[in-house]
Amino acid sequence: GAASLKKLGVKTIRGLATWKFYRMAKGITGLSSVEVENDRHPSSALNIDEALDKKEEAKSLTVITELPPSALQGLAPWADKEFELLKIKTIGQLGEWKFAKW
């Protein structure tokens, strides 16, 4: 666990709680619970568009929570393997990760 977090750039518990990728995932996950299904127009723009890879921007928040963490802008595909070692396979799981909530 610690080695994976170090590879991902997290050095302390405080760093984990304030880590930008956790905070992005937490926001997306929280908003997905109040999203109206099929109500996002493909050409609409949200502030989270800057947090996502371009190809994922038009998707619903609910769908985004099921994407791998590497769909967050700034995380490379290799990061998904490190997250899997932490038992995190989706953005939703990262947003709800109990260790980051401490």
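Predicted model: local features only at pLDDT ≥ 70, side-chain atom pairs only at ≥ 80, totals over all residues.
A salt bridge here is a side-chain nitrogen of Lys or Arg within 4 Å of a carboxyl oxygen of Asp or Glu. Residues are numbered from 1 along each chain as its sequence is written, and side-chain values use heavy atoms, with hydrogens and water left out.

**Charged pairs**

Searching the whole structure turns up four salt bridges, among them these:

| Pair | N to O distance | Relative accessibility |
|---|---|---|
| Glu 82 and Lys 7 | 3.4 Å | Glu 82 11%, Lys 7 52% |
| Lys 54 and Glu 57 | 3.8 Å | Lys 54 67%, Glu 57 16% |

For reading the last column, buried means under 20% relative accessible area, exposed over 50%, and partly exposed in between (1.4 Å probe, protein chains only). So Glu 82 is buried while Lys 7 is exposed. Likewise, Glu 57 counts as buried and Lys 54 as exposed.

What does the Glu 82 and Lys 7 pair tie together? Glu 82 sits in helix α5 and Lys 7 in helix α1 (residues 2-7), so the bridge links parts that are 75 residues apart in sequence. Helices (H or I, at least four residues) and strands (E, at least two) are DSSP runs, numbered from the N terminus.

**The nonpolar core**

A nonpolar core is a set of buried Ala, Val, Leu, Ile, Met, Phe, Trp, Tyr and Cys residues joined through side-chain atoms within 4.5 Å. The largest one has 25 residues, and those touching the most other members are Trp 19, Ile 64, Leu 72, Phe 83, Leu 94 and Trp 97. Two or more residues each come from α3 (20-32), α4 (61-64), α5 (78-85) and α6 (91-95). Of these, α3 gives the most, with four residues.

**Around Trp 97**

Trp 97 is buried at 10% relative accessible area. Leaving aside residues up to four places away in sequence, Trp 97 touches Leu 5, Leu 16, Tyr 22, Leu 86 and Ile 88, where contact means heavy atoms within 4.5 Å.

Rings of Phe, Tyr and Trp (its six-membered ring) pair if their centres lie within 6.5 Å; planes under 30 degrees apart count as stacked, over 60 as edge-to-face and the rest as tilted. The whole structure holds three aromatic pairs. One of them joins Trp 97 to Phe 99, edge-to-face, at 5.7 Å centre to centre and 75° between the planes. Phe 99 counts as partly exposed, at 36% relative accessibility. Elsewhere, Trp 19, Phe 21 and Phe 83 make up one aromatic cluster.
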